[in-house]
Amino acid sequence: MAAACVATVLLAAGCGSYGYDTTENSAENSSEYAADDVQNKENDQEKILYSGTSGDLEWKLDQYGVLTISGSGDYADDGKSEDGAYPAWTDHYLFILNAVVDVDGITSTEGMFYGCKYLREADLSGLDTSEVTNMEYMFCNCWDLTSLDLSRFDTAGVISMDYMFAGCSSLENLDLGGFDTSEVTSMENMFAGCLCLTNITAPDDLAHLLFP
């Protein structure tokens with residue numbers, strides 16, 4: 001095998017009587033609301049462009065370019081990339097603009113967003129990395145990413161971070177303040193091609209990679 005924020009706008013519907021006799025019209029209103037609910041559900045289903053199961057995880061990609069990954073466990077090498085085996089959602093890299101990850105029990109994030117060149121924002125606040133040992137190629141070639149906050153990542157068990165951010169040519173801000181790299185044995189080309197990286201928080205043991 002081989003986050004930022006996703007804004008959500010909620011339009012609050014009023015639920016007062018507004019002077020109407022709700023007792024008299026309750027049956028009619030109930031029917032209308034039920035019909036509206038069915039229509040809303042149909043519309044929600046129409047918004048999903050692609051979805052599936054990869055290993056233990058569920059994923060879906062909506063018409064707004066938001067990739068949602070959820071579940072407990074690891075994803076599979078079920079993509080069709082010619083560059084290697086990556087998760088199936090990366091096959092749709094052209095449409096992925098934002099990502100929201102809510103996953104625990106995962107042991108490898110290798111290639112999670114490999115080649116998602118138009119990914120702009122990633123909300124990884126729900127990603128539990130406490131069991132992860134491999135983070136190779138995680139954001140490799142995510143050209144449009146400008147900022148990542150990974151300060152909550154638990155990396156105490158990670159062994160390899162090869163090419164983790166390689167090719168992130170627009171990345172300017174990166175917070176690795178919580179990184180524990182005491183077990184890492186390989187960081188080959190971890191920041192290769194990060195030409196715009198100017199604002200970074202990182203532990204001392206990463207300084208030699210960032211500022212040789």
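User: Is Asp 204 buried or exposed?

Analyst: Asp 204 is exposed, because its relative accessibility is 72% and the cut-off for exposed is over 50%. Do keep in mind that this is a predicted model.

User: Got it. Where in the chain is Asp 204?

Analyst: Asp 204 lies in the loop between strand E8 (199-201) and helix H2 (207-210).

User: And which residues gather with Asp 204 in the patch of negative charge?

Analyst: The surface patch of negative charge brings Asp 204 together with Asp 102, Asp 104, Asp 128, Glu 131, Asp 154, Asp 180, Glu 183 and Asp 205.

User: Nice. New topic: is His 92 buried or exposed?

Analyst: His 92 is buried: its relative accessible area is 17%, and buried means under 20%.

User: What is His 92 in contact with, leaving aside its neighbours within four places in sequence?

Analyst: With those neighbours left out, His 92 is in contact with Tyr 50, Trp 59 and Leu 61. His 92 itself is found in a loop, the one between strand E3 (66-72) and strand E4 (98-104).

User: Okay! Where is Tyr 163, then?

Analyst: Look in the loop between strand E6 (147-149) and strand E7 (173-175). Tyr 163 is partly exposed there, with a relative accessible area of 23%.

User: What about Asn 189, what is its phi?

Analyst: Asn 189 is not a glycine either, and its phi is positive, at about 50°. Asn 189 sits in the loop between E7 and E8. With a relative accessible area of 37%, Asn 189 counts as partly exposed.

User: Let's zoom out. How many helices and strands are there?

Analyst: The protein has two helices and eight strands.

User: How much of the protein is buried?

Analyst: Of its 212 residues, 37% count as buried.

User: Last one: what does the accessible surface come to?

Analyst: The accessible surface of the protein is about 11400 Å², and 48% of that belongs to carbon and sulfur atoms.

Key:
Residues are numbered from 1 along each chain as its sequence is written. This is a predicted model: local features need pLDDT of at least 70, side-chain atom pairs count only at pLDDT 80 or more; totals for chains, interfaces and linings use all residues. Side-chain values use heavy atoms; hydrogens and water are left out. Patches are made of residues with over 30% relative accessible area and no salt bridge: like charges are joined within 9 Å, nonpolar side chains (Val, Leu, Ile, Met, Phe, Trp, Tyr) within 5 Å. Accessible areas come from the Shrake-Rupley method with a 1.4 Å probe; for residues, only the protein chains shown count as cover. A salt bridge is a side-chain nitrogen of Lys or Arg within 4 Å of a carboxyl oxygen of Asp or Glu. Lys and Arg count as positive and Asp and Glu as negative; His and the chain ends are not counted. The place of a charge is taken as NZ of Lys, CZ of Arg, CG of Asp or CD of Glu. Helices (H or I, at least four residues) and strands (E, at least two) are DSSP runs, numbered from the N terminus. Buried means under 20% relative accessible area, exposed over 50%, partly exposed in between (1.4 Å probe, protein chains only). Contact means heavy atoms within 4.5 Å.
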